[in-house]
Amino acid sequence: MLLHPRARRPRARTAVLAAALLVSGIGLSPTATAAPVVGIDQLDVTPNWRTVPRQETVTSVSATGYAHETEDSDPSFGGQLEWTDFASGESVPLGYDTGNAAFAESGVGGQWLYVQHGIGTHYLRDLETGTEKPLDMPRDASYRGLLGDTLLFQQYASAEDFSTTTGYHLVRAEDPSGARVPVTGWPAGANLHTARLAAGDGSVAVIRFNRSSDPYAYDYTDLGVVDLRTGRMTVIDAPTPAGASVLVAPVAVSPDRIAWVDKERTVHVRERSDPTGPGKMFALPEGLATARIGLVGDWVLALDDASGTDAALKRRLVALHPDGRAQTLLEKAEGEINQIPGGGAAVVGGGSATDWSLLKAVPGKIGGAPVLEKLRRLEPLPAKTDALALGAGRLTTLEYDGPKGPGFYGRTLPVGPVRTGQSTPVWQGVETDAEWNATPLLDTGDGRTVSYPRVPYTARAVVARDTSGRTTRVTVDKDGRIGDAFGRWALVQSGRPTFPGELVPGGETAVVDLDASAVVSRKPQTAAALWGDTLFTGTETAGEVARRDLVTGKDLGKVATGSGCPLTELQTAGGRWLFWACGQFARQGVVDLTTGAKITLPRSYGEGGLLGDGFFVDQYGSNLRLTDFHEMGTVETRTLVGSTPVYGARRVTWTVDRFGGGVAYKDADDRVHVVWTGVPASGLTAASPRVPAGMRMKDG
C-alpha cells in the first residue's frame, strides 16, 4: 500500500508547525517575555449568513407599524409577538402567540392592540398614548379578534357550557365592559359554533360559516359581512376551502372591494357597496395556493404553493387581474399577505436572505400591476455554528449553511497588538452524510483541523482537514472522541464516559499518525495529551505522568503532578504548561514543566475547561471563567465575558487557542466572537527537538 506523500518525510510537519507559529506571532524562546495585549481585545467575527431568510410571520400591518413574530436564532426561543413602530423602530411585546395565526388576534386597522402578558392576563394597548388597560374577559365568551376599535366575541350558552355557541357580539375597545352589540342576520341553519373570523378592517368583519347540522363541521359555504357599527350581517353565498387551518382563509377586504377564492379555485371580486352583486370572476392559475389572497386596487395578490424549510425562496408573489393579466411581483416571499388599512397589502420577501424586507404593494400607474415599496428591512440570521476550533490565530467553524453550503469554514484572525480586520471565510469542504452535533473540533496548530465525525453505516475515522479542504482519513473504528491533536498526531479516547471528566472502563487510547495515515498505538484508556512529538499519559501511580517521544519511542521521563488521585484528563499549552484533572474535574491543577511549580485550580463543572498559555478557561454558571496563573505564586480568577452568556460544551460553543491568548465563543445569536485574555504569551519551547532551537518569535 502506498503511503500518503507526507508519510515519506515525517520531520517536515514539525518544521511547518514552527513556521505556522511564527506567522501567528507566538514565541519559542524559553527566556523571552511578552507584554500584555493592548488595544482592541475582542473581535466580532463577521458571520456567514444563513441562505434561508429569517422567518418573519406578520399578523397585521397599519400605517404606523406592524405585529409580527420574528424567528429567533435559538429555536428553543421565539413565539413572542411584537408590535414594531415604523418611525422609531422600537418594538413592544404583545405576548406569546397561541400558534394558530388567527386573523386579527392582535388587532387590525385601529389604534388598539390586544396584548397578553401571561396566561389569563389580557390588556388593550393604545398605540397613540402607549398606555395599556386591563381587558376583563367575560366568563361566557371567547375573544375572537380586534378590528379597528371593535372587539369580537363568540358567545356560549353559559360560563359552564362551551359546547354550544349562541351567537357573536361586539364591544368597543374604549369601553370593553360596556354594552354588547349582537351580530344579527344569521341565516336559518347557520352553524355558529364552527364559524370563524376570516377578514375585515375597521368598519367590517367577515365571518365564514356553514349550515351543517354537524356542530363540528368545517365545510364552509357562506361569508357574513358584519357592519361593526350595527352588528348587521350581509350573507354571501361563498363556499371557501378550509385548507390546512380553518383560521386562515382566502378572503380579503380592501376599502372598496371584497374578494375570495371558492372551492373550485375561482376568484370572486365584488364591490363592498354591493357584496351580493354580480362582481367579477376568474380562475386561480395552477400552482398558486388557496390559503391567502390580497387586494390592491383591481388586482388580486396570490402566492405560490410551496413547502419545506426553504419555501420562502421558492414562493412567488403574483398579481392577477380579472381581465387575465398576471405579473410576478416577487420571486421569493413568505406565506402571509396582510391588508393595510386605507389601501394596499403587505408581504415579506426579497431577493435573498440578505435582501429581505417587509414590503407594501400599492396600485401601479394607469391601471398597471401593483408596485412594491419597502417598509422595513429584516436582518438575516447567521449560519448555525455546530463546533469551532482555534489555533495559532486560525479560526475554524463547522456551519450548517454559508455561501458555499454547509461544511467547514476557515478564517485567519488579526495579529496584535491592535486586532482589527479578519480574512474572508474560506470553505474547506463538508463531511458528506455526517451527523451534525456529533463531534468537537481541534486545531493541530499546523494548519489542519481534526474531527471524528459519525457517519451512519461507516467505520469511524479521524479526519484531518487542511485550509484547502484536502483531507486525510485514518480509520479507528471505535466510538469515542478526539482527546487531543497536535501537528501530525491525534489521540482518540474510545467510548462514552458516564460523566464528563471520567475514563471509560474497558476503553482504549489510540494514537494516530496523520501523516502516515495509520494508528500507531492502542492501549488501555488513560489520561493523555500531546505537545509536539511528545505523548503525555497517566500511569498507574496516582498523579504521575509519563512522557514518550512518538518518533523515536524514547522515554522522556516522568512528571509528578502532586494530584494525589488517579488522573482522568491531561492537556498541554505553550510548551510549558501541563494541566491535569481527576474524576469529574473535582480536583485539577497545572504543572509548570520549566520550573516544576504546581498550581491548584478551582474545580470545574459540566464539560470541564480548556488550558491556554498561562491561563485556564471553564464555564461557571452561564459565563466563561478565566483563571490566570502565568505569574508564579499568583492565581487570579475573573469572568472572561461578563455581558454575554455562553452555553454549551467546550470545542462546540467555545474554545481556547493553546498556542496564544485567544478564546473564541458563540453567543445566543450564533455570532462568533474572539476575545484575547491579556495574559502574556510564554516564551514557547520548540514543539519538537528537531525544530531549530534558534527560532525566536514575538508575542501573539
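## Strand pairing and a buried arginine

R411 lies in strand β31, which covers residues 407–412; strands, like helices (H or I, at least four residues), are DSSP runs, here of E with at least two residues, numbered from the N terminus. The model is predicted, with local features requiring pLDDT of at least 70 and side-chain atom pairs counted only at pLDDT 80 or more, while totals for chains, interfaces and linings use all residues. Residues are numbered from 1 along each chain as its sequence is written, and side-chain values use heavy atoms, with hydrogens and water left out.

R411 has 3% relative accessibility and therefore counts as buried (under 20% relative accessible area; exposed is over 50%, partly exposed in between, with a 1.4 Å probe and protein chains only). Beyond its neighbours within four places in sequence, R411 is in contact with residues including V45, N48, T397, E399 and P425, where contact means heavy atoms within 4.5 Å.

Strand β31 belongs to an open antiparallel sheet of four strands in the order β29-β30-β31-β32, in which pairing requires at least two DSSP bridges between two strands. T385 stands opposite E399 of β30.

| Strands | Bridges |
|---|---|
| β29 and β30 (residues 394–399) | six bridges |
| β14 (residues 204–209) and β15 | six bridges |
| β15 and β16 (residues 233–237) | five bridges |

In strand β15 (residues 222–227), five of the six residues are buried. V225 of β15 is the bridge partner of V206, and its bridge partner in β16 is T234.
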